[in-house]
Amino acid sequence: MNHSQAFGAGSARPWQSLERKSALIVQGGYPGHDPREVAGILAQILRQEHFIVEVSDTLDVFLDMEKLKRTDLIVPVWTLGTITGQQLDNLLNAVASGTGIAGIHGGIVDAFRGEVRYQGMIGGQFIAHPGEQGATYSVCMTDPYNPLVIGIGNFVLRMTEQFYVLMDPSIQVLAVTCFDRVNPPLVWRPVTMPVAWWKMYGKGKVYVLTPGHSPDIVLVPQITEMIRRGMVWAAR
C-alpha cells in the first residue's frame, strides 16, 4: 500500500476529519502511566477534531460488538492487565471490519502481554526501557514527507522512558530512536528502534506512538501533534 492509498490521494492534510466521528477511549491498567490523565488529554485532542468521545473505565465495553463496529476509533490507554477471550475476539473483529485503533506508549504497545493476537494486530510489543525514566533520546523521522509527520521534524525527549520493542517486520515506520549505548544483557549492540508506525489489520488502520510515559510527555508539542494526526487518520 502506497501513501496515496493509505492517506487519500489529493488530500493535503489527510489526518483532519471532514465529518463528526465517534471515538472510544478505554482507560485503566497499570496506574504508573496515569491512564485517567492521559485519557483526558487524548479525549480533549479528539474533541478539538470534532469527535464524539466516550471514555470507559472497563474492558467490558468490548463485549458490545455492535457498539464497537459503530465506533470509528478505539484508543486503548490500558497498560498490562488481562482481557477475556470474548473481549479480545470482539476487539480484533471490530478492527478487522474497519474500526481504527491508535494509541501511545504502554497503553497500546504493552497491553495484555499474554495475548499474541493482540500484539499481532498492534505490530509490536514493549519488552524493556533501558535507563528507566531517566533516558534522553532523539526521535528521528524516517519518512519526513509522510502526511502523518510532515513538518514536525526531529526532536529530543528528556528524562522519560525509551521503549525497546519486538516488532512485526510489516509495519510502516514513521520515526525511530537509537539505542546507541550498549546496555547488557538485552542491548548487546547499538540498534535503531521504531518510535512511530502505522499498519493495516484487515480493513482497520492501526497507529502506534511509543513515547508518552506521563502526561507531561504527551503534552510535548511534537508528541501531541503526532498522536493527533495518528488518531484522526486511523479513524474509519
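Where is Pro185 found? In this predicted model, Pro185 sits in the loop between β9 and β10, and the peptide bond that leads from Pro184 to Pro185 is cis, with omega near 5°.

## Basis of the values

The model is predicted, so that local features need pLDDT of at least 70 and side-chain atom pairs count only at pLDDT 80 or more, while totals for chains, interfaces and linings use all residues. Residues are numbered from 1 along each chain as its sequence is written, and side-chain values use heavy atoms, with hydrogens and water left out.

## The sheet

Nine strands form an open sheet with mixed pairing, in the order β2-β1-β3-β4-β11-β10-β9-β6-β7. Its edge strands, each pairing on one side only, are β2 (51-56) and β7 (155-160), and neighbouring strands are turned by 20° against each other on average, direction ignored. Helices (H or I, at least four residues) and strands (E, at least two) are DSSP runs, numbered from the N terminus, and two strands pair if DSSP finds at least two bridges between them.

Within this sheet, β10 (residues 191-201) and β11 (residues 204-209) pair in the antiparallel sense over six bridges, and Tyr201 stands opposite Gly204 in β11.

## Helices on the sheet

Helix α8 (residues 221-234) packs on the sheet and touches β2, β3, β4, β6 (135-141), β7, β9 (172-179), β10 and β11, where contact means heavy atoms within 4.5 Å. The direction of α8 makes about 170° with that of β11; axes are lines fitted to C-alpha atoms, for helices over the stretch in contact, and angles run from 0 to 180 degrees between N-to-C directions. Helix α2 (residues 35-48) lies across β1 (21-29), β2, β3 (73-79) and β4 (100-104), and runs at about 170° to β1.

Lys67 belongs to another helix, α3 (residues 65-70). When residues up to four places away in sequence are not counted, Lys67 touches Glu54 and Val61; Lys67 and Leu24, 43 residues apart in sequence, are 9.6 Å apart in space, C-alpha to C-alpha.

## Loop residues and backbone angles

Leu80, in the loop between β3 and α4 (85-96), has a positive phi of about 60° although it is not a glycine. With a relative accessible area of 30%, Leu80 is partly exposed, given that buried means under 20% relative accessible area, exposed over 50%, and partly exposed in between (1.4 Å probe, protein chains only). Phe112, which lies in the loop between α5 (105-109) and α6 (116-122), also carries a positive phi, near 55°, in a residue other than glycine, but Phe112 counts as buried because its relative accessibility is 3%.

Gly131 is placed in the loop between β5 (124-128) and β6 and counts as partly exposed at 48% relative accessibility. Gly131 and Gln44 are 87 residues apart in sequence and 31 Å apart in space, C-alpha to C-alpha.

## A nonpolar surface patch

On the surface, Ile127, Leu166 and Leu186 form a nonpolar patch that has about 240 Å² of accessible area together. Patches are made of residues with over 30% relative accessible area and no salt bridge, with like charges joined within 9 Å and nonpolar side chains (Val, Leu, Ile, Met, Phe, Trp, Tyr) within 5 Å. A salt bridge is a side-chain nitrogen of Lys or Arg within 4 Å of a carboxyl oxygen of Asp or Glu, and accessible areas come from the Shrake-Rupley method with a 1.4 Å probe, where for residues only the protein chains shown count as cover.
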